[in-house]
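Welcome, and thanks for taking a look at this one. Below is a short briefing to read alongside the sequence and the 3D view.

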Amino acid sequence: MILYSLKAILLMSSLLVIYHFALAKIDSFKFNRYYLLASLAFSLIIPTFQIPSFIPVSAQVNHQIDRIVDQISYNSKEGRQNEIIMAHVEGESNLEVSETTKTVISSKQFGKNSIHIIGYSLISLFFLVVLLFKMNKFKRLVNQNPNIKDYGFTYVLIEEKTSPFVFLHYLFVNAESYHSNQIENEILTHELTHIRQNHSIDILFVELLKVIFWFNPVLWFYKKAIQLNHEFLADKAVNNTYQNRESYQMLLLSKLTNSSNAYAMSSASTFGITKRRLQMMNESTKISKALSIKSLTIISSLFAFLVFSSSSQHLDTLSSLSGSSSVEAYEKLITEALGENTPFTLVLNKLDLENLRTTYNKLNDTEKEEVSEFPFLEAEVFEKLKELQHNEKGINLKFNFKNPPATKTINEEVWQYWKNSKNISLEIDDQPLAHKNLDSYDKTDFSFYEIEEVKPEGTSNDSEFLIKLTTHKHYEEKFFSSKKTLHTISSEYKNGDAIEVLYFTKNSTNQDQKVSSSGNNDKELLIKLFEGLLNHENKSYPDSKDFQIKKPHISSILRKNNEISMINIFKD
């Protein structure tokens, strides 16, 4: 939605700039009217179109703004490889998100979405009420004052001394001026042109757009341009009818001293607007020049349509303005493939692989480091992953991201002990803090805590303790708003077998291997991994006691017939 809105705003702006620099200077007022209305309509439609991009854009354009929020990844403590593996097998690692944590996720997401929706709805409601109030004023004027029907319109005679103005097919005039025939024919012709050409419909269209897209400031500029062009059209009708331009211009100047009305849907008679109207009456554009400008305008507009279509593949400039829309699109694809009750488990069969790869390739190197980890989009690895996704063996593959720690509640007794103890040091949100500052907090301010024993070196003093506290906001930023880190890969088979690939061991098992092209080695390792998962049912593995780690390697666990054993998934 953010990217769509940004594209619509930028496309509207581009088309309006084209109008002001080209069409606004020539007397093709009828063409200009339809151009402005079409620009609004197409600016809302084009960003949703799937138009192939034929526009090469230099990579030099790909300048991204600095991140407003730092991405924080959660990493577990380092330990010996066998200890990590055994902890995983014995279920000590966080493979499932606690109910409390799930509640935190859902409530945070629901809360944010609700605030945005409620805020948007309230502002839209405000603009709708303002519009209905304006229309109700016209309705009251019609109902409370005498009406005189004429050919195709209706006079509404009001007591207020004001210049004539129109709304829909109603022409509002001062009753005394009407009965004494003091209203100039040129002014009547001008206002009746607004009625006959349905200018009020144009303004109502813009007003309705403002109700829905109130956050789009360009709509206000469009309204002014459309209203002014309406005046040009009405002035042209007057001059074509009476053929006395100088007299009409003097009449307009004399009207500048009159008070303006509070109801008009057309442009007010200010000096600046009147001056512009007088200038355009003197404008006479040659047919050939007008045709050239119109043609150039159409070509420029079509170019803008291509640039801002939804399938344009080189909109990095837009990405930088929208807070990196490609990053948002990538994370959205990841989120859509997560399990319903397992928000940190990505289901391969739910993942739009082709779209994910296309989106990933739009990211620059910095962004690729910041998005959720899914290192399987290189050509050969990607093809093997697609083979797994579309396999006929019924293999169900899942990618499990690192789960956040479950939230912890601090009871009153512990809280008071911390506040009164003399042998503890304090960290809040990963920042050291003086112990006395704990009095500024309440135990309900925190979602998570850790306690570490700190033995002063070279002394016989009693142990000290480091209390690490995490506030609710920092807990969300640290464990949920940050990038997701791939932890394990699960593969389930029709015969009941289940393999757990401990992907988090990849770096620790291969860290001492000195290679000049680690990227190629990673690619080969992942290809062999997916081949191993594809061909598991055709393999036999040695007894786990005879198992030896050979590098490069990723540790894997087989669950078969309620037994757990370590296997070498890379074995042919």
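This is a predicted model: local features need pLDDT of at least 70, side-chain atom pairs count only at pLDDT 80 or more; totals for chains, interfaces and linings use all residues.

**Overall picture and confidence**

- The protein chain holds 20 helices and 14 strands.
- Of its 572 residues, 43% count as buried.
- Among contacts between residues at least 6 apart in sequence, 72% join residues at least 24 apart.
- The mean pLDDT of the chain is 79, with 77% of the residues at 70 or more.
- Residues 311-324 stay under 50 in pLDDT, and the model gives them 43 contacts beyond four places in sequence.
- Residues 509-517 are also below 50 in pLDDT, and this stretch has twelve contacts beyond near neighbours in sequence.

**Regions annotated in the record**

- An unreviewed UniProt entry lists residues 34-57, 115-133 and 203-222 under "transmembrane region".
- Residues 203-222 are 75% helix and 0% strand, with end C-alpha atoms 10 Å apart.

**Helix α6**

- Helix α6 runs over residues 185-196, twelve residues in all.
- From its first C-alpha to its last, α6 reaches 16 Å, close to the 16 Å expected at 1.5 Å a residue.
- How many of the twelve residues of α6 are buried? Nine of them are, and the helix is mostly covered.
- The buried residues of α6 include His 190, Glu 191 and His 194, and also Ile 187, Leu 188 and Leu 192.
- An α-helix has 3.6 residues a turn, so residues three or four places apart point the same way.
- Just after α6, Asn 198 takes a positive phi of about 55°.

**Thr 359 in helix α14**

- Thr 359 belongs to helix α14, residues 353-361.
- Is Thr 359 buried or exposed? Thr 359 is buried, because its relative accessible area is 6%.
- Leaving aside residues up to four places away in sequence, Thr 359 touches Ser 326, Ala 329, Tyr 330 and Leu 333.

- Four strands make an open sheet in the order β8-β7-β10-β9, and the pairing is mixed.
- Strands β8 (431-433) and β9 (446-454) are at the edges, each pairing on one side only.
- From one strand to the next, the twist averages 25°.
- Strand β7 (residues 424-428) runs antiparallel to β8, and three bridges join the two.
- Within this pairing, Glu 427 stands opposite Pro 432 in β8.
- Helix α17 (residues 412-420) lies across β7, β9 and β10 (464-471), and runs at about 55° to β9.
- Helix α18 (residues 472-479) packs on the sheet, where it touches β9 and β10. The direction of α18 makes about 85° with that of β10.

**The six-stranded sheet**

- Six strands form an open sheet with antiparallel pairing, in the order β5-β6-β11-β12-β13-β14.
- Strands β5 (345-347) and β14 (563-567) stand at the edges with a single partner strand each, so one side of each has no neighbour in the sheet.
- The twist here averages 20° from one strand to the next.
- Four bridges link β11 (residues 486-492) with β12 (residues 498-501) in the antiparallel sense, and Ile 489 stands opposite Val 501 in β12.
- Strand β12 pairs with β13 (residues 556-560) over four bridges, again antiparallel, with Glu 500 opposite Ile 557 in β13.
- Five bridges join β13 and β14, which pair in the antiparallel sense, and Leu 558 stands opposite Ser 565 in β14.
- The hairpin of β13 and β14 has two residues between the strands, and in it Asn 561 takes a positive phi near 55°.

Methods:
Residues are numbered from 1 along each chain as its sequence is written. Side-chain values use heavy atoms; hydrogens and water are left out. pLDDT is the predictor's confidence in each residue, from 0 to 100. Contact means heavy atoms within 4.5 Å. Two strands pair if DSSP finds at least two bridges between them. Axes are lines fitted to C-alpha atoms, for helices over the stretch in contact, and angles run from 0 to 180 degrees between N-to-C directions. The expected span of a helix is 1.5 Å times one less than its number of residues. Buried means under 20% relative accessible area, exposed over 50%, partly exposed in between (1.4 Å probe, protein chains only). UniProt positions are given in the numbering used here, feature names are shortened, and annotations may be inferred rather than shown by experiment.
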